[in-house]
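Select each element as it comes up.

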Amino acid sequence: MTTALITGATAGIGAAFARRLAGDGHNLVLVARDTERLRAQATELHDGHGIEAEVLTADLATDAGIEAVEARLANRVSPVDLLVNNAGFGNKGRYLDVSITDELTMLKVHCEAVLRLTSAATGPMRERGRGGVVNVASVAAFLPRGTYGASKAWVVQFTQGAAKDLAGSGVRLMALCPGFVRTEFHQRAGMGTGNIPDWMWLDADKLVSAALTDLARGRTVSIPDPRYKALMSLVKLTPRSVLGGVTSRAGRTYGPK
């Protein structure tokens with residue numbers, strides 16, 4: 001039986017990955033900061049699907065947290081076959097309205113942790129000749145959307161580059177780029193969402209299903225919804241100066257994940 005490790009596993013997209021993978025018979029390593037929520041989730045998934053769900057409490061904004069997950073990924077006795085780098089957050093406010101400390105924390109979670117955990121996972125995967133990594137980015141990666149979008153653009157570029165370098169090794173890497181998903185993301189950041197049209201919201205479980213299909217097909221970037229695929233096609237045709245004005249105003253209230 002294969003094992004998947006999911007960061008940010010207790011809510012939103014991470015929880016949807018956990019439900020789907022448990023339903024497919026995968027054992028899990030659930031990573032988040034809240035031990036109580038992790039234990040409750042592990043019990044529910046074990047009882048509901050008969051899989052083993054390991055709990056790993058770690059804050060990926062700290063070196064100690066990243067190191068704990070790196071150590072688990074490096075375990076050759078109980079290897080991880082699929083890594084889902086999902087942990088992330090948004091800061092409310094425009095550039096210079098957010099403290100540099102908060103900005104650096106975002107880069108720690110979105111960029112450094114993703115780099116280090118992907119590296120820790122893919123080394124053993126390449127030795128075994130199989131494995132996969134899903135790095136959760138955002139459609140914001142394709143927009144001039146401040147530091148959040150910049151960090152997610154890094155995730156996309158890094159994932160595509162690593163996927164190219166590991167081509168033929170049996171290890172698949174994919175950047176997942178969703179739009180607005182009904183999760184705790186915006187609430188935690190204190191972002192209002194009342195002005196987001198209903199049609200722009202995605203269902204986390206359907207998103208995960210589409211993402212796993214794209215991973216199986218060998219895609220290195222997944223935009224898992226026809227609506228957002230169409231929007232991103234329009235983005236390519238829109239002058240960056242126009243996009244910058246629109247996304248800057250939107251960023252005062254909310255940010256897509």
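The tour goes from the sheet to one helix and then to its neighbour.

This is a predicted model, where local features need pLDDT of at least 70, side-chain atom pairs count only at pLDDT 80 or more, and totals for chains, interfaces and linings use all residues. Numbering starts from 1 along each chain as its sequence is written, and side-chain values use heavy atoms, without hydrogens and water.

**The sheet.** Select the strands (DSSP E runs of at least two residues, numbered from the N terminus, as are helices, which are H or I runs of at least four). Seven of them form an open sheet with parallel pairing, in the order β3-β2-β1-β4-β5-β6-β9. Pairing takes at least two DSSP bridges between two strands.

Go to β1 (residues 3-7) and β4 (residues 82-85). They run parallel, joined by three bridges. Alanine 4 is opposite leucine 82 in β4.

**Helix α4.** Select residues 100-128. α4 packs on the sheet and touches β1, β4, β5 (131-136) and β6 (171-176). Contact means heavy atoms within 4.5 Å.

Where is the kink in α4 centred? On lysine 108, with a bend of about 35 degrees. That bend is the angle between axes fitted to the seven residues ending there and the seven starting there. Glycine 129 follows α4, with a positive phi near 80 degrees.

**Its neighbour, α5.** Axes are lines fitted to C-alpha atoms over the stretch in contact, with angles from 0 to 180 degrees between N-to-C directions. The two helices are therefore roughly parallel, a label for angles under 35 degrees.

Show side chains at the contact. Those of α4 include Met106, His110 and Val114; those of α5 include Tyr148, Trp154 and Phe158.

Key. Angles under 35 degrees count as roughly parallel, over 145 as roughly antiparallel, 65 to 115 as roughly perpendicular and the rest as oblique.
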